[in-house]
2 protein chains.
Amino acid sequence: METALPWIYSLVDRDMVGMGSPFGWEVEKMVGTRNTGGKGLDLFFRPRNIAVVGATPTHGKGGYSIIANLLESFQGKVYPVNPRREEVLGEKCYPSVAHLPEAVDLAIVFTPAKEVPGVVEDCARAGVGAVLIESGGFSEVGVEGARMQRSIVDIARASGMRVWGPNCTGLVNTRPFLFTPFMRLPDAHVRIEPGNLGIIAQSGMMAAGFMVQYIISGYFKTSKACAIGNKSDVDETEVLSYLSEDQDTQAIVMYLESIVRGREFLEVARSTARRKPLVILKSGRSEQSARAAMSHTGSMAGEEGVVEGALRQAGLIRVEDFHQLMALGKAFSLNPQPFRLTTPEGNRVAVITVTGGGGVVSTDLLHDENILLGSLSSSTLKALEEIFPPWMGPGNPVDIWPAMEQKGFSAWSEAFKVVMEDPGVDGILTLPFSSRMVKEFPFQFMGEMVKQWRKPVVSWVFGDVRFFAEFTTEMEKAGIPVFTDLKTCALTMSAYLHYARMNMKAEK
Amino acid sequence: METALPWIYSLVDRDMVGMGSPFGWEVEKMVGTRNTGGKGLDLFFRPRNIAVVGATPTHGKGGYSIIANLLESFQGKVYPVNPRREEVLGEKCYPSVAHLPEAVDLAIVFTPAKEVPGVVEDCARAGVGAVLIESGGFSEVGVEGARMQRSIVDIARASGMRVWGPNCTGLVNTRPFLFTPFMRLPDAHVRIEPGNLGIIAQSGMMAAGFMVQYIISGYFKTSKACAIGNKSDVDETEVLSYLSEDQDTQAIVMYLESIVRGREFLEVARSTARRKPLVILKSGRSEQSARAAMSHTGSMAGEEGVVEGALRQAGLIRVEDFHQLMALGKAFSLNPQPFRLTTPEGNRVAVITVTGGGGVVSTDLLHDENILLGSLSSSTLKALEEIFPPWMGPGNPVDIWPAMEQKGFSAWSEAFKVVMEDPGVDGILTLPFSSRMVKEFPFQFMGEMVKQWRKPVVSWVFGDVRFFAEFTTEMEKAGIPVFTDLKTCALTMSAYLHYARMNMKAEK
């Protein structure tokens, strides 16, 4: 298998050069000692030392990228393994894991599929604690691949060794730092800032080209990002369970094509969702897509009706597109704690807007999410009357433009305050605009109000695109997620309120 | 009314400084001669000369911006009118329209609301052909405003003069060039390139801050953009009818909060939709939003169930958010002609993807839009087998990554070609990635195929954001609209196929 397109893995960075495909080499059989470390997923997330089987000094190959990334950013010892090389990137290269001077916690494997069973056998004998297989060519390519995948798991299970993958990019941990994907990302440890969002994804390219891009761009900050691939041994349930217990992870988003142990998954999900917001994009909703999932990661997608009800009951928030998954990831990363509801229904919102038209459309989109406009109290209406021009009667949506025209940003702040204080309102959707006056916008005041009242605020942004980035950064510092389409704003408000309602019910 | 925030109208450009609010001045009563020009909307779109009532040299005021824009970009004569000024921007200023040396086709009015009836009376007497009232403070602010608005219409109708507005930014025409909004946009005629998309919007801020931004950013190119405000006289039906006949307009998008003459509107819409794609965002779908619309532009929104069925029957494509309206505006601007369908159902699509996961999610999202994956013919499957690696069975979605890994972009092109030629496929959704290899992507080849086979292609983009702009530009030159979320891709494909099916039915 020759790689004509090493550049594809330059998705993230101009220096981030790709995989190349696995190269052929022979694996010797040997006997080693068992690693004495814990058998849990800590071996994957916090290994003390790592062997890279398939390491190569050839720039552009995946086996180069993995080792180059690790040598740069991993704190423990890294051992290149490749029988055809004496040295890789200045490090002594070993012909097989049997020849390593110590047993390693984790072996990352990136060799051609047909070599993998032998490598795994070597690892088992050499006392490797856990194996992360990034190579593809297993259950996703047919019967023969599935057979090989099973044999790998059999070998591993016989010796108590855990297997992650195959057919994946592995994981990113930000505390302590570990970056396993087969794409080169120089200074990964500097560029990926630690955060509180846990990510689980079944699809490698998605995880690589999409989520990593989001992570690096600062769209949200992650605690641990996990691409679980064919999940031959370690599966979504186990990874979710790990993230559920992980102190650094305060909210979790998942992209899954299948759920292999339904009952166990739902149990873990239910208990997780009581403590951390849990968002899922579960594809394979239609019969055709379920078939597509089958051929992609070789997984059964499950009966849609059953899946839908079960996920809902377990308290997961379900979305339909990657874009939505990332949006809610950002939203819950900003606000992992449930908000406080002040209406009995817990679905009453106010809209504060500089555009009447935007207010009307927002009302429709909130309605689509089962959210109603809250009735403002008489004291709120009275306060708004003071802010509004005399000719204008206040209401919800709060059409703030005429008042701002007269009083500037103080009209915005005053209206925001009285609406926030209104017990008839569980949350606020704001429709301001971005302009070169961005520095004068009352971000900080809004942030203080959010903190004080613990009600969710979500904001649209429109206007001058040149100030979107600054506007968004400042709003999000204040705990207010910003989106450029109103549908995503409505979805996010719905998710915030849903999580708050769920939490309130659980408390009762 | 003092303007504390003139900067709001800097939405579009750093030099685009705002409105300011109308200033007070006295209007003298006078008698003039009737304009002999046509009474149709040509007076608004193609006036030979224009008076600006409320013109001022005070930078930052709306009455400055209107005249400054016109003097720079309008080919005919422009007359400033303001009793307190002798000269505005080097042009002689007239105390009232009665004093103009000739009757004008169009008077643009930007004075305080209470002055407007007097101004309109002046215009009627002076033989002005049409009045475009940008001032606010009419039916949108209550009973008194509504009464004043009616009196304006009465005055105008008595003399056969047409009224556009009030409470709006007016219009942009690109051939011949005319830009009436009360925001300053230097070099508007250079920066707004002529195009084929007609836009009708009921909300001023929306039109100003959102659509103009889209137009200037080159998201799509417009023929005529119309903000119709309170539509006291000229309404959505009349403007639609005008755009329907307009040679420069090949596709139309509309944002409406209300439809005032339902039967007439549907008639015009039906006949328009047979010749030009017609997309509508009609807000006020819920009871609460209908009330919000009432207070925003003083319009009745209509019974949702009736509206929905009627719009659908008339052949309009309905969307729910501004973001979607703009997306379909772009899509139909790129491809205003109906595509050719090759399956009996006209809703069979192929997905060509570098990400298996994206293929699965796309399948779900297409399914939500009532689109199914087409069955590829045996000859297509055979051709794909030649392109794919031996271990991989071809199907739909066409998971092209392993083949590209071996053969580079030629695998993409070859697969695209055979799928395009398959009669079981009405359109193709592509999921490529953007990277620094963007220059080598076969945009041109894809464009040729689209032209030859007349099937819609819509593309997602993911990967390296730094190349999104170039990727998008090149794709769209090839007639393929690009979006960053899969839901919008599915929506667009659905709209293309819907319009093609409607057209086929009409031909039968």
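Predicted model: local features only at pLDDT ≥ 70, side-chain atom pairs only at ≥ 80, totals over all residues.
Thr380(B), Ala383(B), Leu384(B) and Ile387(B) of α13(B) are in contact with Ala411(B), Glu414(B), Ala415(B), Val418(B) and Val419(B) of α15(B). Seven of these contact residues are nonpolar, one is polar and one is charged. The model scores ipTM 0.86 and pTM 0.89.

**Helix pair α13/α15, chain B**

- Helix α13(B) covers residues 378-387, and helix α15(B) covers residues 409-421.
- Their axes come within 9 Å and cross at roughly 175 degrees.
- The two helices are therefore roughly antiparallel, since an angle over 145 degrees counts as such.

**Seven-stranded sheet, chain B**

- Chain B has an open sheet of seven strands, ordered β9-β8-β11-β10-β12-β13-β14.
- The pairing in this sheet is mixed.
- Strands β9 (177-179) and β14 (317-319) of chain B form the edges, and each pairs on one side only.
- From one strand to the next, the twist averages 20 degrees.
- Helix α7 (residues 236-245) of chain B lies across β10 (194-201), β11 (222-227) and β12 of chain B.
- Relative to β10(B), helix α7(B) runs at about 165 degrees.

**Strand β13, chain B**

- How many of the five residues of β13(B) (residues 278-282) are buried? Five of the five are, so the strand is largely enclosed by the rest of the structure.
- Leu278(B), Ile280(B) and Lys282(B) point one way from β13(B). Val279(B) and Leu281(B) point the other way.
- Strand β12 (residues 251-256) of chain B runs parallel to β13(B), joined by five bridges. Val253(B) has Val279(B) as its bridge partner.
- β14(B) also runs parallel to β13(B), through three bridges. Here Ile280(B) stands opposite Arg318(B).

**Helix α3, chain B**

- Helix α3(B) (residues 116-126) is mostly covered, with eight of its 11 residues buried.
- The buried residues are Val116(B), Val119(B), Val120(B), Asp122(B), Cys123(B), Ala124(B), Arg125(B) and Ala126(B).
- Their cover includes strands β1 (49-53), β5 (106-109) and β6 (130-133) of chain B, along with helix α4 (143-159) of chain B.
- Gly127(B) follows α3(B) and has a positive phi, near 80 degrees.

**Chain A overall**

- Chain A has 508 residues, of which 63% count as buried.
- Its secondary structure comes to 18 helices and 22 strands.
- Among contacts in chain A with a separation of 6 or more, 76% join residues 24 or more positions apart.
- The mean pLDDT of chain A is 88, and 88% of its residues reach 70 or more.
- Over residues 1-39 of chain A, the pLDDT is below 50. This stretch has 128 contacts in the model beyond near neighbours in sequence.

**Five-stranded sheet, chain A**

- An open sheet of five strands has the order β2-β1-β5-β6-β7 in chain A, with parallel pairing.
- Its edge strands are β2 (77-81) and β7 (162-164) of chain A, each pairing on one side only.
- Ignoring direction, neighbouring strands are turned by 20 degrees against each other on average.
- Strand β1 (residues 49-53) of chain A is joined to β2(A) by five bridges, and the two run parallel.
- Val53(A) stands opposite Val81(A) in β2(A).

**Two buried positions in chain A**

- Val361(A) is found in helix α12 (residues 356-368) of chain A. Is Val361(A) buried or exposed? Val361(A) counts as buried because 34 C-beta neighbours lie inside 10 Å.
- Not counting residues up to four places away in sequence, Val361(A) touches Leu486(A) in chain A, and Ser283(B), Asp321(B) and Phe322(B) in chain B.
- Val361(A) and Ser333(A) are 28 residues apart in sequence, and their C-alpha atoms are 27 Å apart.
- Thr492(A) is in helix α18 (residues 486-507) of chain A. Thr492(A) has 27 C-beta neighbours inside 10 Å, so this residue counts as buried.
- Beyond neighbours within four places in sequence, Thr492(A) is in contact with Ala327(A), Leu328(A), Ala331(A), Val458(A), Pro481(A) and Phe483(A).
- Thr492(A) and Gly142(A) are 350 residues apart in sequence and 39 Å apart in space, C-alpha to C-alpha.

Terms used:
Residues numbered from 1 in each chain as written. Chains lettered and ligands numbered in written order. Axes fitted to C-alpha atoms, helices over the stretch in contact; angles between N-to-C directions. Helix = DSSP H or I, 4+ residues; strand = E, 2+ residues; numbered from the N terminus. Parallel < 35°, antiparallel > 145°, perpendicular 65-115°, else oblique. Contact = placed C-beta atoms within 7 Å. Nonpolar A, V, L, I, M, F, W, Y, C, P; charged D, E, K, R; others polar. Buried ≥ 20, exposed ≤ 12 C-beta atoms within 10 Å, placed from the backbone. pLDDT = per-residue confidence, 0-100. Pairing = 2+ DSSP bridges.
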